[in-house]
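Student: I am new to this structure and would like a close look at a single part of it.

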Amino acid sequence: MSERKRLTRIFKMHGLSLQASALDTLCDVVQREAEVGRNKADVNNVIFNIIDEIKDRRIQGGNGSGGRSSSMGNIVTSALLEDVVADFRRDAKDVSDDAVQLLDAFHMPRLDFDRMRKNFSLVPFGKEDRELYGEAVAKVDMFNQRYALIQQRILRQDIFQPKLVTNRLGRSAQNNGGTHTITPVESLLGRSGRRFLLGMIVQVEEGNYYLEDHTAQVPLNLSDASLLTDGFITENSVVLIEGEAIDGVLHVHNMGSPIVENRLDSIKAIGLQNSDIFNSIGSLSEYEKLREQEIEHGEDGMFVVLSDVYLDSPAVIEKIERMLEGYSDFNPLPIFVFMGNFTSKPLSSASEGTKAMISYFEDLANVICKFPNVANEGRFVFIPGPNDPGITGVLPRGPIPNYFTSALRSKVKNVMLASNPCRMRFFTKEIVFFRDNLVSKMRRNCLIEPRQDSNGQLSSHAIKTVLDQGHLSPLPLSTSPIYWQHDHALRLYPFPDALICGDRVEQYYETYEECDAINPGPFSNGFNFVVYRPVGEAGGSQTKSDVELCEVP
């Protein structure tokens with residue numbers, strides 16, 4: 001029996017019919033497998049693996065056919081066969097390369113919560129008009145969504161869930177009646193006693209703060225307030241308050257940040273597809289396949305992150321060269337993430353400042369090119385800082401303009417100019433990169449001193465603040481202006497798997513509700529950086545990240 005007839009017969013036995021062009025492709029595959037020294041049994045295993053994969057794809061593709069069978073479903077085309085064979089031939093590096101995806105802040109889908117219907121929807125980029133300078137209604141919608149996302153999260157917590165089953169004493173059968181009710185601000189009128197409220201702190205008049213929810217606002221008296229949670233409380237923070245209304249003023253007894261939930265719990269509430277901002281997971285089966293690849297190949301992934309990389313400093317350039325030399329023999333190479341500021345002082349917009357910035361990036365390109373493997377195979381991500389060229393002062397901010405990096409991009413093969421903030425996907429992991437002076441901003445704007453009985457690190461308070469608030473910049477707009485229609489790009493709901501925030505404070509790492517919170521520290525001061533492995537260890541169906549705080553000697 002000829003080889004072509006044998007292959008046709010094998011496929012027919014499995015209910016598949018090969019097109020002539022697909023049969024030609026399959027014969028080429030069998031021939032190449034024989035040429036590399038595989039025996040007949042191994043070649044047959046390759047054929048059966050191809051058949052299994054084709055049948056799996058038919059099953060997945062038929063889910064949306066409404067149960068109707070189609071004769072075309074049994075026909076194997078050349079395109080389908082080539083696609084299946086290409087998947088089998090992908091090595092670990094190919095899989096890892098495809099697993100990485102960068103998402104710009106200005107192209108990010110928007111998660112919307114409908115308070116009336118109590119459901120979520122993901123609005124894709126391009127489905128709505130978004131402007132940098134929106135109308136006033138956009139500002140109202142921005143704060144409404146911030147509050148609504150936290151409110152629905154709080155109301156799903158057990159402590160705020162009413163218990164319908166009570167015991168003979170009239171108390172809840174669970175926790176002895178330890179549940180509470182959130183009182184709307186408008187319902188405070190005419191009520192005495194302590195109440196629990198959820199609202200946003202706003203400054204209606206200079207120096208006078210109010211608590212506001214979607215119903216009303218009430219003046220606050222914070223003179224006797226006790227802070228029960230870590231973090232900073234600032235204007236525009238959403239807080240849980242226990243207080244009492246006296247003469248139209250809410251006297252605060254206890255105050256804290258909203259209760260948080262981990263990423264998996266949030267995704268269960270939102271829905272897998274509504275949380276897929278990268279548009280990479282079409283179904284649960286695709287997610288499971290991605291998880292399998294993550295467990296098998298994810299340990300090869302590594303991110304080397306630097307912040308405040310002053311390219312105008314010869315010492316910094318020297319240390320970058322030494323660092324690149326240390327990683328030049330790695331296979332695969334790590335992804336290098338450079339966060340600004342990229343100069344020690346803001347450069348003028350005059351021609352001298354522009355020429356200087358261009359020369360600094362060219363100097364960096366020359367250093368990278370000393371290691372041809374790094375220049376050709378390495379991937380570099382550049383995230384602007386507050387003082388870097390471009391439209392500064394408003395978040396999110398766009399990438400560094402191409403004009404300044406033309407020499408770098410011509411000499412280094414894989415350069416990605418990202419927004420601030422930006423997000424990266426590594427298989428199923430989501431990583432948020434953000435460069436801002438969070439600690440100093442929050443210290444200047446906090447209304448109540450943070451608790452002193454915690455670990456005492458201000459960076460810990462700052463990180464917990466942004467995660468509790470589900471937002472990278474829960475600050476007064478006068479301190480941290482935001483493009484109203486792009487506020488969703490600063491949200492942290494659901495939690496990412498990692499938040500890497502470059503700040504001008506010492507290195508920091510902590511796991512908070514299964515989210516890795518990391519500050520690489522300023523590279524310009526001490527030559528600190530961080531190595532982050534999203535899948536540092538894989539065992540069974542679980543993965544564990546790995547973080548290493550480093551310093552260039």
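Student: How many nonpolar, polar and charged residues does the lining of the largest pocket have?

Tutor: This is a predicted model, in which local features need pLDDT of at least 70 and side-chain atom pairs pLDDT 80 or more, while totals for chains, interfaces and linings use all residues. Residues are numbered from 1 along each chain, and side-chain values use heavy atoms, without hydrogens or water.

The lining has 16 nonpolar, eight polar and 12 charged residues, where Asp, Glu, Lys and Arg count as charged, Ala, Val, Leu, Ile, Met, Phe, Trp, Tyr, Cys and Pro as nonpolar, and the others as polar. A pocket is an open set of points on a 1 Å grid where a 1.4 Å probe fits, with protein on both sides within 12 Å along at least five of seven lines, and its lining residues have an atom within 4 Å of a point. The largest pocket holds about 880 Å³ of space, and among its 36 lining residues Arg263, Leu264, Arg291, Lys429 and Asp497 lie nearest its centre. Elements giving two or more residues to this lining include helix 7 (263-270), helix 8 (284-297) and strand 18 (429-435); helices are DSSP runs (H or I) of at least four residues, strands (E) of at least two.

In helix 7, Arg263, Ser266, Ile267 and Ile270 are buried, meaning under 20% relative accessible area with a 1.4 Å probe, whereas exposed means over 50%. Seen down the helix axis, these buried residues fall within an arc of 100°, so they line one face of helix 7, and they pack against strand 4 (110-114), strand 5 (119-123) and strand 18, contact being heavy atoms within 4.5 Å. On the other side of helix 7, Leu264 and Lys268 are exposed.

Methods:
Grid points are joined across faces, edges and corners, and a volume is the space filled by probe spheres set on the points. The arc is that of the directions from the helix axis to the C-beta atoms.
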